Structure formats: C-alpha cells, structure tokens
Amino acid sequence: AIGGVAILSRRPFAEGREPQCFDRGSMAIAPVDFGGQTVEVTALHLGWPWPFGQNWQVRNVSPILAELNGPALLAGDFNATPWSQTAHAVAAAGGLAPLPVPGATWLYHRLPQWLHFTGLPIDQVMAKGEIDIHAVRTLDPVGSDHLPVLVEFSLPPKPAEDEPQATTAFLR
C-alpha cells in the first residue's frame with residue numbers, strides 16, 4: 001500500500017524474535033544480527049501533516065516505540081522537518097536521539113537541477129543505545145522524489161565471554 005515500509009537486510013534477523021509490521025504497514029521493526037549483537041531496526045512512514053494531521057499516527061506507534069530496546073536505529077519519511085512537533089514526539093516516544101540532518105531529502109522533481117537546494121529535510125534518522133554514528137549523508141537520486149540517506153555506524157565490541165569483567169572496589 002502507499003505509505004507501507006519494508007526492511008531488507010544483508011545481515012540475518014536475530015534468532016528468537018520475528019520482524020513485525022504495525023499501523024497498517026507504515027512501521028516495521030526487525031531485530032538484525034550484527035555479528036552477535038542485535039540492533040532493532042525500525043522503518044517508519046508517516047502520512048502528510050496537512051490536511052490530514054499526523055498526531056493520530058504518532059499516537060498509534062508511540063507505545064510500540066516505547067518498547068524499543070537499545071541499541072536501535074529508526075529511519076523514515078516523517079513528512080515533517082527535524083524541528084517539528086512530530087519529530088520531537090517520535091524521538092520522545094522511543095527514547096531516541098535524532099541524528100544530524102544531511103540536508104534536503106525531499107525534492108520537488110519538476111524543479112530544474114539548480115533549484116534542488118530548495119528541498120525539505122523530511123526524512124529522519126534516530127538512534128538509541130550504544131551505536132557509534134560515523135556519518136549521515138544523502139546519496140545521488142535513484143528515481144524518487146526523496147534522496148536516499150546513508151548512515152554509517154558501528155557497534156562497540158562486546159567483551160569476550162571468557163574475558164573477566166572490570167570491577168571496581170573501594171577500600172577504606
């Protein structure tokens with residue numbers, strides 16, 4: 001359906017937890033296995049703010065976002081700028097931190113190339129938990145009125161199971 005999302009991954013989904021879709025397909029969550037560490041990857045597509053309003057949709061997904069465990073990444077077409085009430089409400093609902101905005105991500109496709117700077121930053125990416133973000137940038141157009149957004153990130157290494165855990169003792 002229009003507004004539906006999908007999560008495609010070259011990495012396997014984490015065992016024991018199934019990917020799920022919510023809100024008529026406008027949100028999907030998939031636990032993705034990154035070498036033994038799981039990241040809850042979330043895709044979200046919110047409807048237009050006007051003339052329809054997004055508040056009902058944000059209310060629908062907020063309880064689900066509240067259950068995201070870190071580390072988590074959320075990306076999607078918010079149809080709202082990063083300074084909007086909608087973006088702030090989504091971030092607050094999931095305990096997510098907005099990532100730097102890479103610039104305009106939506107472009108009116110009929111404008112000449114030299115006017116594409118006039119687009120809007122309505123595609124957002126947010127993170128939660130121990131995720132090291134290295135870069136957020138747009139890529140070249142691929143045929144949509146939105147530019148692809150690339151997020152380069154890494155996860156901190158897990159301590160080896162046989163490695164002793166650090167402890168602190170205070171002696172008097």
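Helices (H or I, at least four residues) and strands (E, at least two) are DSSP runs numbered from the N terminus. The model is predicted: local features need pLDDT of at least 70, side-chain atom pairs count only at pLDDT 80 or more, and totals for chains, interfaces and linings use all residues. Residues are numbered from 1 along each chain as its sequence is written, and side-chain values use heavy atoms, with hydrogens and water left out.

**Helix 2**
- T86, A87, V90, A91, A93 and G94 are the buried residues of helix 2. Viewed down the axis of helix 2, these buried residues fall within an arc of 165°, so they line one face of the helix; the arc is that of the directions from the helix axis to the C-beta atoms.
- An α-helix has 3.6 residues a turn, so residues three or four places apart point the same way.
- On the face turned away from the buried side, helix 2 carries the exposed residues Q85 and A92.

**Sheet and helix packing**
- The open sheet consists of six strands in the order 1-2-3-4-6-5, with mixed pairing; two strands pair if DSSP finds at least two bridges between them.
- Strand 1 (20-22) and strand 5 (97-98) are the edge strands, each pairing on one side only.
- Three bridges join strand 1 and strand 2 in the antiparallel sense. F22 has M27, in strand 2, as its bridge partner.
- Helix 1 lies across strand 1, strand 2, strand 3 (37-45) and strand 4, and runs at about 30° to strand 2. Axes are lines fitted to C-alpha atoms, for helices over the stretch in contact, and angles run from 0 to 180 degrees between N-to-C directions.
- Helix 2 also packs on the sheet, where it touches strand 3, strand 4, strand 5 and strand 6 (123-128); its direction makes about 20° with that of strand 6.

**Nonpolar cores**
- The largest nonpolar core has 20 residues, of which M27, L44, L65, L74, F78, V90 and M126 touch the most other members. Such a core is a set of buried Ala, Val, Leu, Ile, Met, Phe, Trp, Tyr and Cys residues joined through side-chain atoms within 4.5 Å.
- Strand 2 (27-34), helix 1 (55-66), strand 4 (72-77) and helix 2 (85-94) are the elements that give two or more residues to this core.
- Beyond its neighbours within four places in sequence, L74 is in contact (heavy atoms within 4.5 Å) with T42, L44, L65, V90, L96, Q124, V125 and M126.
- A second, separate core has nine residues, among them V39, L73, L99 and I131.

**Backbone features in loops**
- The W50 to P51 peptide bond is cis, with omega near 10°; P51 is placed in the loop between strand 3 and helix 1.
- The G70 to P71 peptide bond is also cis, with omega near -5°, and P71 lies in the loop between helix 1 and strand 4.
- In the loop between strand 1 and strand 2, D23 has a positive phi of about 50° although it is not a glycine. D23 is buried, at a relative accessible area of 15%.
- R24 is found in the loop between strand 1 and strand 2, and its phi near 60° is a positive value in a residue other than glycine. R24 is exposed, with a relative accessible area of 66%.

Terms used:
Buried means under 20% relative accessible area, exposed over 50%, partly exposed in between (1.4 Å probe, protein chains only).
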